[in-house]
Amino acid sequence: MSSKNDLYRPAIHFSPAFGWLNDPNGLVYSEGQWHMFYQYYPMDTVWGPMHWGHAVSQNLVTWQHYPIALAPDELGNMFSGSAIVDKANTSGLFEKESEANLVAYYTASLPSSDTSLADYQTQCLAYSVDQGLNWIKYEQNPILNNPKIECFRDPKVFWFEQAKHWVMVITHGQSIGIYYSKNMVDWELSSDFGAEEGHHSNGPWECPDLFPLTAQNGVTKWIMVVGIGDGCYAPGSGTQYFIGDFDGKKFTNDGPADKVLWMDYGRDYYATQSWFNAPDNKRIAISWMSNWRYARQTETKTFRGIMTLPREFSLILNESGHYILRQSFYESVSYFLNETMPNDNVGVFRVKGKVMLEIGEEIEINLFEEDCPQFIFKRLDAKTISIINNRLYLGSDKVMEDEFPHNYTSNITNEKFENDLEIIVDKGAVELLFADGTFSMTQLYFPDKIENKIQITGSGQFLSIAEDSK
Ligand code: FRU
């Protein structure tokens with residue numbers, strides 16, 4: 001029988017079978033399989049010497065657990081990084097050209113007592129020809145030595161077609177280093193982004209990602225995604241993004257330097273990474289669904305840490321003529337909700353529909369139990385909707401009691417009377433998308449009971465949308 005603490009093992013979100021999980025790593029699609037590696041400590045349910053765990057999926061919802069991919073070595077613990085398919089064998093590490101040639105880039109982090117740095121972080125490479133089951137660590141690791149930067153980590157590598165070179169974006173303290181390489185092994189620094197832009201707090205700019213998206217009008221923009229472990233609005237960990245241009249060596253932000261675009265307005269959306277090589281040029285991403293403020297204390301027993309649902313990113317031009325990121329749940333999520341909802345649906349459900357609000361009207365949505373997780377959407381004036389999120393925690397841990405409960409309000413500019421709303425609840429993992437997916441709020445909850453008791457009230461209208469048939 002599962003203990004009360006296992007109540008919160010989600011049904012359609014990824015969780016490790018046991019042990020601790022944080023960031024998604026090495027997201028790569030190869031030979032029909034979605035690979036997800038992740039920051040993993042198998043010996044305990046708190047953060048420890050990092051390994052890369054490994055899971056494989058055909059649909060991004062059901063996952064098969066694979067053996068640990070990378071374990072600590074004399075260069076350090078296996079911190080976050082990325083993976084790519086070296087189809088053309090540009091690295092020369094493989095015997096032939098093949099879709100199966102996988103290369104992983106990771107940070108080796110040496111807890112160091114004999115250097116002036118807290119941890120000594122270098123970049124390393126490993127490669128595999130058997131779908132990531134066995135990895136060969138490159139003999140001449142590290143491929144990038146530490147340039148005397150205390151936080152030098154989380155390499156994300158991708159191919160830049162116009163210049164025919166590989167690009168690596170990487171944490172450079174509180175900015176992002178941009179490197180390039182022709183052979184995937186020798187890297188040259190080309191620029192550094194962000195020292196004067198976006199949000200800065202006491203933490204480093206972690207887990208960067210950089211990718212292009214093309215809007216419906218044919219315009220392509222580059223999105224730079226950056227996590228900050230603490231000091232964000234929610235508060236705690238948060239993920240910001242920039243929209244701009246990239247010439248293969250330098251990223252230029254379109255917006256004003258002091259403008260901050262948050263990817264999510266909840267507390268549990270961090271270390272966002274997108275898949276390399278996803279089919280149909282889609283940009284599919286996933287995030288760690290927790291927050292460093294309380295990640296080590298959340299109320300689970302046999303495992304700790306889950307991922308968000310996979311999301312597809314797209315670029316849209318908003319009413320005020322600015323490009324903005326749109327998120328939607330990956331298409332297979334709907335299919336699985338429809339399949340599982342009628343039967344095995346305790347604690348797993350979706351609220352999907354349209355929220356219609358005149359000035360002064362509001363809609364209140366209660367999930368699970370009265371006065372448990374609650375969202376209120378209120379039209380303040382012709383342009384603004386306020387979204388209030390209340391939460392309740394009924395636990396005993398001191399850190400959770402101090403850090404976890406949080407009520408907050410976000411105001412969004414939106415002139416539309418009618419807005420799409422989608423909330424997916426999976427045993428206490430709650431993800432909300434609003435206003436064409438331009439507003440996202442991702443939250444963990446630990447309610448006493450997880451029975452579905454959705455209650456929608458208020459003076460505004462809520463039009464429930466029937467699900468597509470299977
Ligand atoms: C982000 C992070 C990364 C680092 C990893 C260590 O959550 O701090 O910067 O590589 O976690 O587990």
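The second largest cavity holds about 40 Å³ of space in this predicted model, a volume being the space filled by probe spheres set on grid points joined across faces, edges and corners. A cavity is a set of points, on a 1 Å grid over the protein atoms alone, where a 1.4 Å probe fits but cannot get out, and lining residues have an atom within 4 Å of a point. The lining of the second largest cavity consists of Pro24, Asn25, Ser80, Gly81, Asp154, Pro155, Lys156, Cys207 and Gln273. Two or more of these residues come from each of β1 (19-30), β5 and β9, strands being DSSP runs (E, at least two residues) numbered from the N terminus. The largest contribution, three residues, is that of β9. By class, three lining residues are nonpolar, four polar and two charged; Ala, Val, Leu, Ile, Met, Phe, Trp, Tyr, Cys and Pro count as nonpolar, Asp, Glu, Lys and Arg as charged, and the others, Gly among them, as polar.

Three cavities of 30 Å³ or more were found in a search of the whole structure. Fifteen residues line the largest cavity, and Thr298, Thr300, Ile306, Leu444 and Phe446 are the closest to its centre. Eight residues of this lining are nonpolar, five polar and two charged. The largest cavity lies between domain 1 (4-329) and domain 2 (341-464), because both give residues to its lining; the domain bounds come from an automatic or database domain assignment.

Phe446 is located in the loop between β30 (439-444) and β31 (455-457). Phe446 has a relative accessible area of 6% and is therefore buried (under 20% relative accessible area, with a 1.4 Å probe and protein chains only). Its C-alpha atom is separated by 9.0 Å from that of Leu7, 439 residues apart along the chain.

Residues are numbered from 1 along each chain as its sequence is written. Local features need pLDDT of at least 70 and side-chain atom pairs pLDDT 80 or more, whereas totals for chains, interfaces and linings use all residues, and side-chain values use heavy atoms, without hydrogens and water.

Methods
Helix = DSSP H or I, 4+ residues; strand = E, 2+ residues; numbered from the N terminus. Buried < 20%, exposed > 50% of the residue type's maximum accessible area, 1.4 Å probe, protein only. 1 Å grid on protein atoms, 1.4 Å probe; cavity = no way out; pocket = protein on both sides within 12 Å on 5 of 7 lines; lining within 4 Å.
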